[in-house]
Amino acid sequence: MSYVGPDFDPPQPRRFRRGPLTVALAALVPGALIGWFVYEAVGGPGDSGGAAAGTAATAPGASSSPSVAASNDDKPPNSRPLTGKVVVIDPGHNVTNFQHTAEINRKVDIGTNWKECDTTGTSTNAGYSEAQFTMDVSHRLQKILERQGATVKLTHDGSSPAWGPCVDERAKIGNAAHADAAISIHADGAPAGDRGFHVILPASVHAGGADTRAIVAPSAVLGRNIESDYRRTTGEQPSNYVGDGTGLVTRKDLGGLNLSTVPKVFIECGNMRDSKDAALLTNGAWRQAAAQGISEGIVSFLRG
């Protein structure tokens, strides 16, 4: 796009003194002059803007500066579509929970019943822990979402707090942040041979301090979007042991969902106790694809 600055003086057409030769030429070629004016009026070859776009020949007294039409076609696509949105990521478990068994075994009220504050989680047969996996994927997901303009908050960073936090606190963090979407990252510990991922949706719960009625519908939309995009980016298939092949499960026994007042889901990214799934979960490139799939589902939900 050309730019004409305020200090730019357009060249003025040179004025010639009319002489006998000029008069003679004008008398000899009136048809040529008429043709020239017609050309200027309709525009030359390849000129879609007519005379307004400017040509090599400029009528005397007219500005030689081209005009520029305003257009949205040259504007770049919005590369930060989540600006103004808040996402809370909850990395399941904590790598040091095993050192704080008394604290994590303390019972907390989740509305439908009382449950342990937290657990140690599972691991692969080779010892790669679920807590390591969830923190890695959570950090990858955080970076992707922040690049798109989202404000991202993690419930913990793997070292602070030193254990937990408890499942009720994890829910409160998302609530206090007024998150537009929240997700808890996990990997399952089912028997070998059980494979695949599933997304857990909140059931309608209204008991004790739990009331999910307002978030059931939006959480279901969030979960379906994540399920679809996660499957596409990772190649991982929906669970063959829960969810009847849909990749979606509804539960009312998880404090992180029961006590949430913002749209929230859990994802079990695969089964750590199955060797084929474990080979994926321990692969850095695959974990990046997992984070990408989750992020795309969140973006679809927030822009929907």
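Which residue just after α5 takes a positive phi? In this predicted model, the residue just after α5 is His178, with a phi of about 50 degrees.

Helix α5 spans residues 167–176 and is mostly covered, since seven of its 10 residues are buried. An α-helix has 3.6 residues a turn, so residues three or four places apart point the same way.

His178 lies beyond the helix, in the loop between α5 and β5 (181–188), and has its positive phi although it is not a glycine. With a relative accessibility of 64%, which is over the 50% cut-off, His178 counts as exposed.

Pro161 is joined to Ser160 by a cis peptide bond, with omega at about 0 degrees. A cis peptide bond also links Gly164 to Pro165, and here too omega is about 0 degrees.

The structure holds one cavity of 30 Å³ or more, and the space in the largest cavity amounts to about 50 Å³. Its lining is made up of Val88, Asp90, Thr155, Arg170, Ala171, Gly174, Asn175, Ala182, Ile183, Ser260, Val262 and Lys264. By class, five of these residues are nonpolar, four are polar and three are charged.

Which elements each supply at least two residues of the lining of the largest cavity? They are β1, α5 and β5, and the largest share, four residues, comes from α5.

Of the 24 residues in its lining, His93, Thr119, His186, Leu254 and Phe266 are the closest to the centre. At least two lining residues are supplied by each of β3, α5, β5, α7 and β10, and the largest share, four residues, comes from β5. The lining of this pocket divides into five nonpolar, 10 polar and nine charged residues.

His93, one of the residues closest to the centre of the second largest pocket, is found in the loop between β1 (86–91) and α3 (101–104). Its phi is near 70 degrees, a positive value in a residue other than glycine.

## A buried threonine in a loop

Thr212 is placed in the loop between β8 (210–211) and α6 (216–234), and at 0% relative accessibility it counts as buried. When its neighbours within four places in sequence are left aside, Thr212 is in contact with Ala203, Ser204, Val205, Leu257 and Asn258.

## Helices α4 and α9

Helix α4, formed by residues 130–147, has 18 residues and reaches 26 Å from its first C-alpha to its last, which is close to the 26 Å expected at 1.5 Å a residue. The buried residues in α4 are Glu130, Ala131, Phe133, Thr134, Met135, Val137, Ser138, Leu141, Gln142, Ile144 and Leu145. These buried residues pack against the strands β1, β4, β5 and β10 and against the helices α8 (275–281) and α9. Gly149 follows α4, and its phi is positive, near 100 degrees.

Helix α9, one of the elements that the buried residues of α4 pack against, covers residues 284–303 and has 20 residues. From the first C-alpha of α9 to its last the distance is 28 Å, close to the 28 Å expected at 1.5 Å a residue. At the start of α9, a side-chain oxygen of Asn283 comes to within 2.9 Å of the backbone nitrogen of Ala285.

Key
Residues numbered from 1 in each chain as written. Predicted model: local features only at pLDDT ≥ 70, side-chain atom pairs only at ≥ 80, totals over all residues. Heavy atoms only, no water. Expected span 1.5 Å × (residues − 1). Polar contact = N/O pair within 3.5 Å; in protein donor to acceptor, adjacent residues only side chain to side chain. Buried < 20%, exposed > 50% of the residue type's maximum accessible area, 1.4 Å probe, protein only. 1 Å grid on protein atoms, 1.4 Å probe; cavity = no way out; pocket = protein on both sides within 12 Å on 5 of 7 lines; lining within 4 Å. Points joined across faces, edges and corners; volume = space filled by probe spheres on them. Nonpolar A, V, L, I, M, F, W, Y, C, P; charged D, E, K, R; others polar. Contact = heavy atoms within 4.5 Å.
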